[in-house]
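Work through these exercises with the model open. Try each task before you read its solution.

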Amino acid sequence: MLLKRSLPRVRWKYWFKPWQQVDLLLFILPVALTVFGGVMIRSTELNQGLTDWWWHWLMGGIGLILAIFISRCRYENLIQWHWITYAITNASLIAVMLIGHSAKGAQRWISVAGFNVQPSEFAKIGLIITLAVMLHKRTASNLDNVTRALGITAVPWALVFLQPDLATSLVFGAIVLGMLYWANANPGWLILLVSPIFAAIFFGIHWPFSIALFGDFTLTPLGLLWSFAMGLLGFLTLPWRRYGLNGIGALSLNLLGGELGVFAWNHVLKEYQKDRLTVFVNPEHDPLGAGYHLIQSRIAIGAGEWWGWGLFKGPMTQLNFVPEQHTDFIFSAVGEEFGFIGCLVILFAFCLVCQRLLHIAQTSKDNFGSLLAIGVLSMIVFQMVVNIGMTVGLAPVAGIPLPWMSYGRSAMLKNFIALGLVESVANFRQRQKY
């Protein structure tokens, strides 16, 4: 009798033994977000007869199966294939430029067996794997290794930027910065890396005492103050201190970055990209054009108040006042139908996901696994912050989906593949005994 009672327990352990070290909460939370995301997509399309919610769940199910399978495979095997992964990543991005399909001014999709695939989504995983391999061999504690990491990132970043896909190129930047920081890069170096972007913003703000040089080039008080501050930071953190060359170089880089930013603004960026970057400051300036998405999103979220109107009852959502609500603006549907409390629950779920990712990074048995987890964490955090920020007017409107909740087949598969990689790190945290 005792033997018979113990058999089911033994079988249960036998079947689940290959996954006994995985982080169950890290599986449960994304699945819950995916299910809830499908419900919200259904709400946004209730009166349109669309089936995007069904596709959302289907791709989530396929992604979950992939994640479970990947979590059973040893992540260390990726080390010997990382250059092939990197080559496939860049080849797919080049293929988009040659045979891809265009939509809304950008060429981002390739048709595969009747389905549109967005290679730039999967390129994020390819970049994470390649950087993790490189940085686990050589940490970012010296500038040579930092330069190598930036060089590896520059190729796919440029290919994505030329599509043009400014939003995804920013995600690449967040990934490399997060992984460099985890790989012991000097924080001052990371500030200097992004400093030309702020210099471009500050040089674009025209003050009464701005000095016009020639053409589009001007010197602004705020831009000059920022450049000199970065010069001081460069002097304190960079090598080559002889004759102050490090400080002069950092100063010159910011002056050049500021002027190039102004030039790019006037001659390189598309009009819709400019509108997305500026309209969040004053959306009422163009309420029927570039500011329409943001205005409608804020109205929907504000209308939800504390507890919301209830599922399938939000007037802004049901009457389709918020454009692209099933993709980039899915969070506005949550705010309207479930209110401030519902938004807090979603934010809490994402915070738990990030906490589990960070825990796996800290408990990984090697630097490679730790860097994989941090790369995925950087990607998820950046996309979450920008997406939610743009729906409430705290960030520029960008084509960045909310992980596991926004509709997007390529993005959904990418998120679950990334989840599977991190779960593999968790599953094989125990060192083998020889």
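**Exercise 1. Find the buried side of helix H2, then say what covers it.**

Step 1. List the residues. In H2, the buried ones are Leu26, Phe27, Leu29, Pro30, Leu33, Thr34, Gly37, Gly38, Met40, Ile41, Ser43 and Thr44. Buried means under 20% relative accessible area, exposed means over 50%, and partly exposed lies in between (1.4 Å probe, protein chains only).

Step 2. Look for the cover. It includes helix H3 (52-72), H13, H14 and helix H16 (409-427). Helices (H or I, at least four residues) and strands (E, at least two) are DSSP runs, numbered from the N terminus.

Step 3. Note the source. This is a predicted model: local features need pLDDT of at least 70, side-chain atom pairs count only at pLDDT 80 or more, and totals for chains, interfaces and linings use all residues. Residues are numbered from 1 along each chain as its sequence is written, and side-chain values use heavy atoms, with hydrogens and water left out.

**Exercise 2. Check the length of H2.**

Step 1. Take the residue count. H2 covers residues 24-44, which is 21 residues.

Step 2. Work out the expected span, 1.5 Å times one less than the number of residues.

**Exercise 3. Classify the aromatic pairs.**

Step 1. Set the rule. Rings of Phe, Tyr and Trp (its six-membered ring) pair if their centres lie within 6.5 Å; planes under 30 degrees apart are stacked, over 60 edge-to-face, and the rest tilted. The count comes to 10 aromatic pairs.

Step 2. Take Trp54 and Trp55. Their centres are 5.5 Å apart with 85° between the planes, an edge-to-face pair. Trp54 is partly exposed at 43% relative accessibility, and Trp55 is partly exposed at 24%.

Step 3. Take Trp306 and Phe340. Their ring centres are 5.3 Å apart and their planes are at 85°, so this pair is edge-to-face. It links distant parts of the chain, 34 residues apart: Trp306 is in the loop between helix H12 (292-303) and helix H13 (315-318), and Phe340 is in helix H14 (residues 330-363). Trp306 is exposed at 56%, whereas Phe340 is partly exposed at 42%.

Step 4. Look for a cluster. Ring pairs join Phe198, Phe202 and Trp226.

Step 5. Look for a charge over a ring (NZ of Lys or CZ of Arg within 6 Å of the ring centre and within 35 degrees of the ring normal). Arg409 lies over the face of Trp55, 5.2 Å from the ring centre.

**Exercise 4. How many disulfides does a search of the whole structure find?**

Step 1. Apply the cut-off, a pair of cysteine sulfur atoms within 2.5 Å. The search finds 0 disulfides.

Step 2. Cys351 is partly exposed at 48%. Cys343 is buried at 8%.

Methods: Contact means heavy atoms within 4.5 Å.
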